[in-house]
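Reader: Hi! Could you walk me through this one?

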Amino acid sequence: MSNLKSTSKPIKCIIIDDDPFIQDLLKDKLNQYFPEIQILGLGNNGQEGILKIQQLKPNLVFLDVEMTDMTGFEMLSKLDAITFKTIFITSYKHYAIKAIRFNALDYLLKPFDLEELKNAILRFKKNQKSNNVPVALQNLKLKQASDQILILKTQQGELHIQLKDIINIEGERNYSYINMVNSKKELVSKTLSNLEELLEDKGFFRCHKSYLINKLHITENPNGSTLFLSNGMKIPISRRKKDTFKNWFNNVVI
Amino acid sequence: MNLERNTHFINLDNLVSISRGNSDRMLKYLNQFQELIPERLQQLKKALNQDDRRQIRQILHKMSPQLQFFGIQDIITPIQRLEFEYETIPFIELEALGNDIIYKLEGATKEVSQIIETHFE
């Protein structure tokens with residue numbers, strides 16, 4: 001039995017995955033440990049998933065990232081409305097995990113560690129009202145990375161930040177400060193390395209152990225060892241990053 | 001049900017845990033392994049022969065969770081390597097890793113067959 005407090009209303013869920021083993025395994029784990037979850041149906045591919053969602057109207061969908069007929073995101077983009085929460089399911093280190101994390105969506109790694117499953121269900125219960133899938137779908141459509149919206153969880157809730165509004169990010173152990181164009185400084189509980197991983201292919205560069213900078217806000221790069229940003233900040237470039245910074249600056253910025 | 005646990009290729013801990021003593025459930029997972037893995041092995045052999053790297057990646061990606069569940073741990077790292085380097089890995093290495101995976105999965109399939117024969121037939 002689950003240690004989680006059961007709610008009065010059952011959680012109605014659907015599992016969409018083209019692997020029968022994964023369907024059975026997740027179904028058995030949910031049945032064994034989460035009596036509050038009612039499995040309404042199973043979808044064997046994206047097309048079936050769309051039909052099941054439309055017919056059964058679940059609160060929660062466990063959705064495979066990569067199916068034979070379409071990806072999980074493609075399936076979601078084909079729906080008229082998204083009135084349910086999604087927990088993506090995927091194998092180890094799939095490339096889509098980056099997009100999932102960029103949009104603060106939830107995911108589980110197959111073949112499902114029980115503690116991770118419990119935590120994902122707990123997060124679902126806590127955050128039933130927020131749904132970032134529409135923003136994620138919008139982000140995936142955008143050609144310019146700088147127009148995309150980064151979603152970060154904070155203690156107060158969520159921050160939605162358009163990338164072009166970030167000037168730079170300063171790392172402070174397990175936290176980071178995001179310096180914004182409106183002069184605000186947002187504190188988030190992610191390390192600079194976490195953010196670097198999410199932003200490195202979106203016009204950001206880690207020029208120093210404490211700084212991640214946005215290419216859009218570099219105003220001056222006078223000598224290769226420091227640079228100036230649009231908010232007037234002077235940022236050092238670490239000695240060991242000098243060459244990579246130079247290449248990045250010449251290829252990406254100029 | 002007490003399963004023979006001195007297997008070489010597979011580890012049945014996850015199976016025992018999810019089955020909770022229910023032999024039907026246990027057999028369901030064993031049968032599923034017997035249905036899915038040999039078929040995917042054939043697809044993998046064909047893809048390796050044709051050096052169809054995208055297909056190799058897809059087959060391995062699909063199989064990987066089931067293999068982890070059956071505790072075939074020592075092929076998870078080569079599978080992950082092939083999954084991520086499938087476009088760039090030299091053919092000799094691709095072939096060697098592929099053949100090692102096939103060898104171990106054939107061994108695992110035999111062990112699963114023996115377990116079904118010994119305990120469920």
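Author: Happy to. One term to begin with: buried means under 20% relative accessible area, exposed over 50%, and partly exposed in between, with a 1.4 Å probe and protein chains only. This is a predicted model, where local features need pLDDT of at least 70, side-chain atom pairs count only at pLDDT 80 or more, and totals for chains, interfaces and linings use all residues. Residues are numbered from 1 along each chain as its sequence is written, chains are lettered from A and ligands numbered from 1 in the order in which they are written, and side-chain values use heavy atoms, with hydrogens and water left out.

Reader: Thanks! How many residues of strand β8 of chain A are buried?

Author: Five of the seven residues of β8(A), which spans residues 166-172, are buried, so the strand is largely enclosed by the rest of the structure. Strands here are DSSP runs of E with at least two residues, helices are runs of H or I with at least four, and both are numbered from the N terminus.

Reader: And which strands does β8(A) run antiparallel to?

Author: One is β9(A), residues 175-180, joined to β8(A) by six bridges. Another is β12(A), residues 211-214, with three bridges. Two strands pair if DSSP finds at least two bridges between them.

Reader: Which residues face each other there?

Author: N168(A) has N179(A) in β9(A) as its bridge partner, and E170(A) stands opposite Y211(A) in β12(A). In the hairpin of β8(A) and β9(A), two residues lie between the strands, and R173(A) takes a positive phi near 55°.

Reader: What's the order of the open sheet of three strands in chain A?

Author: The order is β13-β14-β15, with antiparallel pairing. β13(A) (218-220) and β15(A) (234-236) are the edge strands, each pairing on one side only. Between β14(A) (residues 226-229) and β15(A) there are three bridges, and L227(A) stands opposite I235(A).

Reader: Switching to chain B: is T109(B) buried or exposed?

Author: T109(B) counts as buried because its relative accessibility is 13%. This residue lies in helix α5 of chain B, residues 91-120, and its side chain reaches the backbone oxygen of L105(B) at 2.6 Å.

Reader: What else does T109(B) touch?

Author: Leaving out residues up to four places away in sequence, T109(B) touches F33(B), Q34(B), I37(B), P38(B) and L41(B). Contact means heavy atoms within 4.5 Å.

Reader: Last one: what's the mean pLDDT of chain B?

Author: The mean is 92, and 96% of chain B's residues reach 70 or more. pLDDT is the predictor's confidence in each residue, from 0 to 100. For the complex, the predictor gives an ipTM of 0.92 and a pTM of 0.90.

Technical notes: A polar contact is a pair of N or O atoms within 3.5 Å; within protein, one must be able to donate a hydrogen and the other to accept it, and residues adjacent in sequence count only if both atoms are side-chain atoms.
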